[in-house]
Amino acid sequence: MLMPGPVNLFADVGIVYAFQHSNPAGKAVIACLVFGSIFSWSVMVSKIYMVRRARSSTRRFLKRFRTARKPLAIYQNREIYPDSPTYSVYLAGCRELTFHLLGTTEIDDTFATRVSEADRISPVAMNAVRSALEREVGEQALKMEDRMTVLATAVSGAPFLGLLGTVWGVMDTFSAIAASNNASLTTMAPGVSGALITTVTGLLVAIPAMFGYNFLVVTLRGMTVELDNFAGELAASFDHRYLDTGSPTRVPR
């Protein structure tokens, strides 16, 4: 007796068999789920890559910031860390501070001299600096969370879409059995198998998206807390050097 080859074996059982016996509505649902899976995987991969770049750039920025003698040194030297959200918060705070110190955000060869000769700023102006820091923290948090709704939709919507395909397929199967007056297992099995594949596909889409979503939510939440902490640290540094507490002293050199 000849044994069936691998191609025939997979064609007679499992997912291939179920797909072959799925109705047009089920195949349309599977196509939507496959498209959603590709989109959700692209979001997960791009977000994980973004997190890795942001963390690496932030480490380099924080090392440089904490070894600098003055909080405006990085801004004055025009150093950039484009992948770091923490640097974006720093840049927003420095721009707002220099505007209140000098009336402009322009950086030139006389910047250090003009800052050293500038009067300290009032508490009202420093509150504006803090507001700029808080606003940038919020904007960076929104930017990091961009497209996360795609993963949330995949987690919650894919199983229901798969269930819809299954219910539809089972309904068509029972309608065909009723019309043929032949309620045998042989008649029911192909239709039920074809109906169940949409639920399987929905779960295959939702499960990886769930793990990726949970990982990214926790990671991005931690990064947002780190942004808040840095904004507080930077504001305290600005207060120490540039806030007018009532004395006529100038900005320390």
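1. Arg78 lies in the loop between H4 and H5. Helices (DSSP runs of H or I, at least four residues) and strands (E, at least two) are numbered from the N terminus. Arg78 is not a glycine, yet its phi is positive, at about 60 degrees. Its relative accessible area is 52%, so Arg78 is exposed. Here buried means under 20% relative accessible area, exposed over 50%, and partly exposed in between (1.4 Å probe, protein chains only).

2. Read everything below as prediction: this is a predicted model, in which local features need pLDDT of at least 70 and side-chain atom pairs count only at pLDDT 80 or more, while totals for chains, interfaces and linings use all residues. Residues are numbered from 1 along each chain as its sequence is written, and side-chain values use heavy atoms, with hydrogens and water left out.

3. How confident is the model? The mean pLDDT (the predictor's confidence in each residue, from 0 to 100) is 86 for the protein. Of its residues, 89% reach 70 or more. Helix H7, residues 123-144, has the highest confidence, at a mean of 95. Helix H1, residues 6-12, has the lowest, at 46.

4. Over residues 1-11, pLDDT stays under 50. The model has 5 contacts (heavy atoms within 4.5 Å) for this stretch beyond four places in sequence. Where pLDDT is low, the predicted coordinates should not be read in detail.

5. The protein has 9 helices and 0 strands. From the N terminus on, the elements run α-α-α-α-α-α-α-α-α. The protein has 253 residues, and 38% of them are buried. Among contacts between residues at least 6 apart in sequence, 78% join residues at least 24 apart.

6. Which residues have the most contacts inside the largest nonpolar core? They are Phe61, Tyr90, Leu97 and Phe238, in a core of 44 residues. Such a core is a set of buried Ala, Val, Leu, Ile, Met, Phe, Trp, Tyr and Cys residues joined through side-chain atoms within 4.5 Å. Two or more residues come from each of helix H3 (24-67), helix H4 (73-76), helix H5 (85-102), helix H6 (111-117), H7, helix H8 (148-180) and helix H9 (185-242). H9 gives the most, with 10 residues.

7. Leaving out residues up to four places away in sequence, Phe61 touches Ile74, Tyr81, Ser84, Thr86, Tyr87, Tyr90 and Phe230.

8. How do H3 and H5 cross? Their axes (lines fitted to C-alpha atoms, for helices over the stretch in contact, with angles from 0 to 180 degrees between N-to-C directions) come within 7 Å and cross at roughly 45 degrees. H3 and H5 are therefore oblique to each other. The scheme takes angles under 35 degrees as roughly parallel, over 145 as roughly antiparallel, 65 to 115 as roughly perpendicular and the rest as oblique. On the H3 side, the contact is made by Ala54, Thr58, Phe61, Leu62 and Phe65. On the H5 side, Pro85, Thr86, Tyr87 and Tyr90 make it.

9. Is Gly93 buried or exposed? Gly93 is found in helix H5. Its relative accessibility is 0%, so Gly93 counts as buried. Beyond four places in sequence, Gly93 touches Val129, Leu133 and Phe238. Gly93 and Ala235 are 142 residues apart in sequence, but 8.2 Å apart in space, C-alpha to C-alpha.

10. Glu226 lies in helix H9. Glu226 is exposed, with a relative accessible area of 52%. Along the chain, Glu226 and Thr86 are 140 residues apart, and their C-alpha atoms are separated by 8.2 Å.

11. Arg147 sits in the loop between H7 and H8. Its phi is positive, near 70 degrees, in a residue other than glycine. Arg147 is partly exposed, with a relative accessible area of 36%. Ser122 is found in the loop between H6 and H7. Ser122 counts as partly exposed, at 34% relative accessibility. Not counting residues up to four places away in sequence, Ser122 touches Leu243 and Asp244. Ser122 and Leu101 are 21 residues apart along the chain, with C-alpha atoms separated by 9.7 Å.
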